[in-house]
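Colleague: I'd like a close look at one part of this protein: the charged side chains that pair up. Could you walk me through them, and then show me what sits on the surface around them?

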Amino acid sequence: MFMPMSAQQDSTRVKHRGTKSENRHHGKHIDNELQLDEVVVVAGGVSRVKRSAFNTIAVDTKEMQNTTKNLSDALSKAPGLKLRESGGVGSDMSLMMDGFSGKRVKVFIDGVPQEGVGASFGLNNIPVSFANRIEVYKGVVPVGFGTDAIGGVINVVTNKRHSGWHLDASYSYGSFNTHKSNVSFGQTFKNGLTYEITAFQNYSDNNYRINSPVEDFETGRIDRDKKESVKRFNDTYHNEAIVGKLGVVGKKWADRLLLGLTWSQMYKEIQTGVRQEIVYGEKHRRSHALQPSLEYVKHNLFTRGLDLTVTGSYNRDVTTNVDTASYKYNWRGEKALLNSPGEQSLMHSRATNHNWNATATLNYQLGKAHLLTFNNVLTDFRRSNASLLTAETLTDAIDKHTRKNIAGLQYRLTPADNWNLSVFGKYYNLYVAGPVATTETLDTYTKTSHTIDFWGYGAAATWFIIDGLQVKLSYEKACRLPTIEEMFGDEDLETGDIGIKPERSDNVNLNLSYSRRIDKHTFYVEGGLIYRDTKDYIQRNIMSLSGGKYAASYINYGKVLTKGFNLSLRYAHGRWLSIGGNFTKMNVCDNMKTSMGSTSANINYKERMPNLPYLFADSDINLYWRNCMKKGNTLALTYDNQYLHSFTYYSSHIGANKADYVVPNQFSHNIVLTYSMMRGRYSVSLECRNFTNEKLYDNFSLQKAGRAFYGKVRVHF
């Protein structure tokens with residue numbers, strides 16, 4: 001574990017050894033995150049976990065909590081990470097980590113997997129103040145998470161160190177009628193009773209301007225060479241969530257026992273499909289979810305050095321998709337009568353998702369040199385679908401069902417302070433059952449099922465060559481099981497394939513880092529090499545539908561090879577300046593010598609895979625004026641930027657010759673001015689994102705917002 005540290009505490013080294021426990025709060029306190037041991041904070045809110053052999057980074061959120069950033073925004077500070085969004089607030093979001101994106105990167109909150117919990121509780125909806133820190137495990141992942149990620153893991157760690165009573169509340173308003181608010185309060189009593197309630201909401205009209213070709217209703221033609229400046233008009237989004245926890249800490253029979261209940265809801269108007277030229281004027285989606293949960297932690301269970309953590313949760317999410325309009329729209333807001341209702345396809349459907357999750361982790365410390373970890377994660381997902389188009393609800397006869405079990409065992413050897421070694425094995429099991437069409441007209445279905453098994457293994461080691469100079473090397477034979485969306489789709493704009501195979505990958509990470517402090521000057525440099533040899537790569541494609549419409553589908557693409565590197569540099573001077581940045585180049589290349597399902601040569605062999613950024617960078621400067629105007633007050637100025645090199649979203653052979661298939665170079669700039677008073681108890685922030693009004697694009701050239709202004713007030717004590 002490590003104590004959260006901010007940029008002004010740069011270069012502070014905290015050493016914390018043991019397994020998963022920390023004593024004590026009012027006699028006992030425990031933090032049940034994975035063992036992180038020693039942390040070196042290198043300023044700018046990003047910390048390097050030193051003693052761990054795994055390629056691990058910790059992002060401290062303290063300095064970001066006065067901004068309007070959400071958790072996904074905060075992760076953009078970590079090297080090798082790229083946030084990808086299809087639009088504004090509430091839009092579809094994925095994180096790319098060292099060339100792997102989306103479902104290859106798994107998300108946890110306090111060690112509990114978030115797959116299948118619903119869109120209203122995604123990283124791009126949760127305010128940054130929700131987290132104490134964010135742990136990023138890149139590539140090879142320790143067994144303590146019990147996950148099938150081959151890209152990496154993001155673990156959001158909430159604050160469990162409160163003593164007494166606390167309150168954190170904020171409100172922000174900005175461009176495109178965007179409102180965000182958050183309140184969190186709780187208390188821990190001397191007898192160990194504890195409670196905490198967190199509530200947050202996001203709202204935005206998302207009515208920013210974009211440049212797009214516009215359909216001419218008289219001719220039915222879309223002139224892709226002629227683009228107009230138009231305003232988004234069917235893109236309102238809002239979500240609300242309440243998280244409550246009640247329990248006890250510091251008891252002989254439980255270091256922590258918490259019962260939780262999470263409620264969330266979401267409303268989302270759908271402006272476009274997977275391509276921007278297609279626009280919708282009335283299509284929308286709404287959902288609500290309820291999730292009870294349990295967490296139990298016991299340190300020194302039965303014997304000294306044996307720690308147990310158990311979690312359980314059930315999530316019921318109901319999502320309704322509505323596409324019943326009798327008109328089609330263009331980007332000017334004009335409309336024309338359709339031959340039959342439905343802008344994409346006639347739909348008024350309800351999907352009810354039931355997601356059960358249980359985790360168990362045992363750590364056993366044998367002396368100072370030996371640590372055994374066992375983890376098992378079981379998830380069970382079931383979806384039932386119903387059509388609401390008729391007066392009587394029509395429910396599908398066959399549910400969609402998956403059951404996933406992942407077990408792992410890890411041994412860590414620490415014979416000396418300057419090196420350690422971990423070896424591990426994992427077992428993956430997936431059961432899938434659901435409907436498969438038996439006729440070409442898709443009017444008859446039968447239930448089919450199958451089971452997938454896979455064994456994986458790996459090792460990770462680190463060596464402190466000299467003081468400040470460290471090398472890390474890790475390898476894993478990894479597996480990623482198909483997700484719910486890849487097997488069953490999203491019941492709207494994406495179609496799944498129940499027979500899709502898991503991805504298998506050989507992953508290698510090599511990292512070299514050096515840190516040095518001379519008086520008030522702190523320097524940090526790190527470089528990493530990444531190698532991924534992936535088979536049965538799951539690719540998201542666009543497929544054409546009748547009427548010039550599009551949807552997304554998933555296929556297994558034989559072989560993909562990933563090679564690349566990232567570089568991080570950071571410098572801090574005392575408590576008033578930190579400056580640094582990251583650079584990443586990651587080539588994810590087609591490794592099929594022959595075309596899929598053919599013996600003919602593959603013209604894309606060794607070419608980069610489509611719709612994947614491969615070169616990007618970011619940098620930031622943070623200035624602090626301590627005791628500004630009054631003792632205990634701080635004026636902070638933060639400037640940061642993001643650069644993205646152009647990439648093609650179809651085959652590079654096509655994209656290289658036609659600008660329509662290219663996402664252009666992008667360089668955006670942001671600035672935040674914050675004044676905090678009474679040692680951070682009150683703060684006011686002004687923020688400008690993309691202040692040069694750069695045209696920003698992402699997935700299949702969907703355009704994001706231009707220049708935007710925000711203001712925020714916060715109370716924290």
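Modeller: Let's start with D223 and R221, whose side chains meet in a salt bridge, 3.9 Å from N to O. Bear in mind that this is a predicted model. For a pair to count, the nitrogen has to be within 4 Å of the carboxyl oxygen, and this one comes in at 3.9 Å. D223 is partly exposed, because its relative accessible area is 25%, while R221 reaches 52% and so counts as exposed.

Now go to R332 and E228. They form a salt bridge too, with the closest N and O atoms 2.7 Å apart. This pair links distant parts of the chain: E228 belongs to strand β18 (residues 228–231), whereas R332 is in the loop between β23 (327–329) and β24 (335–337), 104 residues away. Both partners are partly exposed, R332 at 45% relative accessibility and E228 at 21%.

K138 is in strand β10 (residues 133–138) and D98 in the loop between β6 (93–97) and β7 (100–101), so the bridge ties together parts 40 residues apart in sequence.

Some charges gather on the surface instead. K559, K563, K593 and K606 make up a patch of positive charge there. One of them, K559, lies in strand β34 (residues 549–573) and is partly exposed, at 39% relative accessibility.

There's also a nonpolar surface patch of about 700 Å², made by W576, I579, I621, L623, L637, I671, L673, L686 and F691. Strands β36 (615–626) and β40 (666–677) each supply at least two of its residues. L623 sits in β36, and its relative accessible area of 32% makes it partly exposed.

As for the whole protein, you're looking at three helices and 42 strands. Of its 717 residues, 58% are buried.

Definitions and conventions:
Residues numbered from 1 in each chain as written. Predicted model: local features only at pLDDT ≥ 70, side-chain atom pairs only at ≥ 80, totals over all residues. Heavy atoms only, no water. Patch = residues over 30% accessible without salt bridge, like charges linked within 9 Å, V, L, I, M, F, W, Y side chains within 5 Å. Areas by Shrake-Rupley, 256 points an atom, 1.4 Å probe, with all protein chains shown as cover. Helix = DSSP H or I, 4+ residues; strand = E, 2+ residues; numbered from the N terminus. Buried < 20%, exposed > 50% of the residue type's maximum accessible area, 1.4 Å probe, protein only. Lys, Arg positive; Asp, Glu negative; His and termini not counted. Charge placed at Lys NZ, Arg CZ, Asp CG, Glu CD.
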